[in-house]
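This briefing looks at charged side chains and their partners. Please keep the sequence and the structure in view while reading.

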Amino acid sequence: MFLTILWIACYFISGTSKAQDLPIPAAITNSLERNQIPLDAISISVSEIDPGKPGKHDAKTILDWRASEAMNPASTMKILTTLAGLDILGPQYRWRTKIFTDGVVRQGTLKGNLYLQGSGDPKLIPEELAKLMKDLQALGIQKIDGNLFFDRSAYAPSVMEHNTIDGESLRAYNVPPDPLLYAFRTLSFQIGKSRTADFIDISYTPTLSQLKVVNQMQLVERACDNWKSNIRFNLDPETGTNTDQLLTAQFSGTFPSGCKGVNYNVVALDANTFLTQGFTAAWELAGGSWVKPPTGKDATVPIAARLLLQFEGISLADDVQDINKYSNNVMARQLLLTLALEKMGKPATTANGDLVVQGWLKQNGLNFPSLVIENGSGLSRNEAITAGQMNQLLLTARNLPIGEVFYNSLPIAGADGTMRNRLMTQLRKFLHLKKKPEARIKTGSLADVRAISGYVISKSGKMYAVSSFINHPNAWRGLDAHDQLLSWLLEDGPEPKQAR
């Protein structure tokens with residue numbers, strides 16, 4: 001170990017060793033050196049997956065640099081969570097949100113309370129809630145005379161606590177899990193210059209029953225750089241127990257005329273207020289009414305309550321698209337908790353989700369002693385896996401019935417998700433080819449961490465599994481090295497004689 005460290009130090013300090021002495025292509029080592037990232041801060045695993053029969057794919061190692069070192073994978077950890085989720089639950093799995101009542105329906109009016117019991121649907125968004133409202137109306141209900149109660153017993157209280165690794169509790173990526181998560185508990189304001197006059201338009205989603213927007217911003221002639229730094233946002237009152245109270249979202253400051261339209265996302269309301277006002281508004285938008293505005297409180301469903309309806313959300317296959325392409329943290333966390341809920345019962349805990357995933361790994365012949373799962377999303381300083389283990393997962397995926405569903409969920413370089421703007425120049429070189437190469441890569445990013453993991457189809461049609469992690473204060477400068485690695489593989493990587 002000491003000799004390895006000494007050799008690496010000599011490589012960077014003396015510059016006497018040649019790039020070809022390394023197993024890593026020169027373009028990558030040059031990029032690392034240029035961006036002051038030492039070789040002992042990166043791990044790389046590349047395998048060529050053979051085009052064998054379905055379920056019998058194998059792989060040979062092409063590049064192994066510190067591939068057995070456990071490192072922080074950031075959001076590439078979602079590969080493990082989504083792959084296990086798809087295989088255990090099935091792509092057509094759907095979360096169920098149940099609505100109970102302790103009342104009766106008379107002449108179109110429900111006289112009684114509604115009890116919402118969640119199972120952790122990660123994408124209960126306004127469009128889905130609108131469908132639920134239609135289902136309620138189909139039961140002959142036009143008016144509701146009662147309150148709302150929320151049953152979150154599917155999750156252990158500890159997993160719903162709002163703990164962050166960076167203190168940014170109002171940021172959407174830090175939303176904690178919730179069995180009744182509505183619209184990611186995020187207010188999304190759309191801000192832009194009016195098409196008809198020189199003033200600023202502000203709209204928002206999802207609609208809340210008691211939210212008023214006060215726009216005091218001024219339009220300034222400026223480019224759209226750093227537009228957020230000049231906006232002041234205030235929500236009054238920020239917290240409270242009255243879920244039917246009037247809320248005022250106030251915007252002040254300046255907004256650049258160069259911005260065609262931006263989204264300002266904020267997690268500013270407690271879960272009960274957000275869900276109560278969202279549910280109330282959705283019912284009214286559907287044409288329903290209330291005898292009086294409801295208040296929303298936590299409660300378990302009473303034994304005597306009867307089931308009104310069971311609403312099924314979108315399929316897991318569609319959810320996994322969002323998790324991987326757009327790196328949605330809370331959706332990944334809720335998928336891990338769903339594994340615990342379905343296989344070990346409620347209340348779901350992260351520890352039980354970990355046990356389910358470990359059991360799945362063992363069932364597939366995978367032994368990952370260095371694996372650390374904290375929440376399954378990668379938004380963690382403690383989660384760990386090796387690049388080699390990640391590549392084993394990618395190979396395993398090719399041998400599972402859900403392999404294509406998983407493959408299609410990964411971001412496509414130059415096309416969508418978190419890879420939308422990556423490798424644009426490199427991919428243009430292949431526009432003349434009838435069958436174009438592609439890179440399907442899950443990305444990961446934290447302070448001091450950059451990661452990639454996924455598949456590359458080269459210009460000659462070879463499939464590579466590739467994983468690489470950088471753990472270093474200069475990791476943010478490592479994007480180029482990762483792009484060099486992917487470009488190398490798009491060009492077919494090593495000559496056959498170099499492959500080993």
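A residue is called exposed when its relative accessible area is over 50%, and buried when that area is under 20%. The model discussed here is predicted, and its salt bridges come to a count of 14. Side chains of opposite charge can pair when their charged atoms come close.

- R152 and D178 meet through their side chains in a salt bridge, with N and O 2.8 Å apart; both residues lie in the loop between β8 (148–151) and β9 (187–193), so the pair ties together parts that are 26 residues apart in sequence.
- R152 also forms a salt bridge with D298, where the closest N and O atoms are 2.7 Å apart, and this pair links the loop between β8 and β9 to strand β16 (residues 296–298), 146 residues apart.
- R152 is buried at a relative accessible area of 12%, as is D178 at 6%, whereas D298 counts as exposed because its relative accessible area is 51%.
- Through shared partners, the salt bridges join R152, D178 and D298 into one network.

**The pair D483 and R422**
- A salt bridge of 2.8 Å, N to O, joins the side chains of D483 and R422, linking helix α12 (residues 479–490) with the loop between α10 and α11, 61 residues apart.
- D483 is buried at 10% relative accessibility, and R422 is buried at 12%.

**The surroundings of D416**
- D416 sits in the loop between α10 (403–409) and α11 (424–428) and is buried, with a relative accessible area of 18%.
- The side chains of D416 and K325 are joined by a polar contact of 2.9 Å, and, leaving aside neighbours within four places in sequence, D416 is in contact with K325 and P411.

Note on methods:
Residues are numbered from 1 along each chain as its sequence is written. This is a predicted model: local features need pLDDT of at least 70, side-chain atom pairs count only at pLDDT 80 or more; totals for chains, interfaces and linings use all residues. Side-chain values use heavy atoms; hydrogens and water are left out. Helices (H or I, at least four residues) and strands (E, at least two) are DSSP runs, numbered from the N terminus. Buried means under 20% relative accessible area, exposed over 50%, partly exposed in between (1.4 Å probe, protein chains only). A polar contact is a pair of N or O atoms within 3.5 Å; within protein, one must be able to donate a hydrogen and the other to accept it, and residues adjacent in sequence count only if both atoms are side-chain atoms. Contact means heavy atoms within 4.5 Å. A salt bridge is a side-chain nitrogen of Lys or Arg within 4 Å of a carboxyl oxygen of Asp or Glu.
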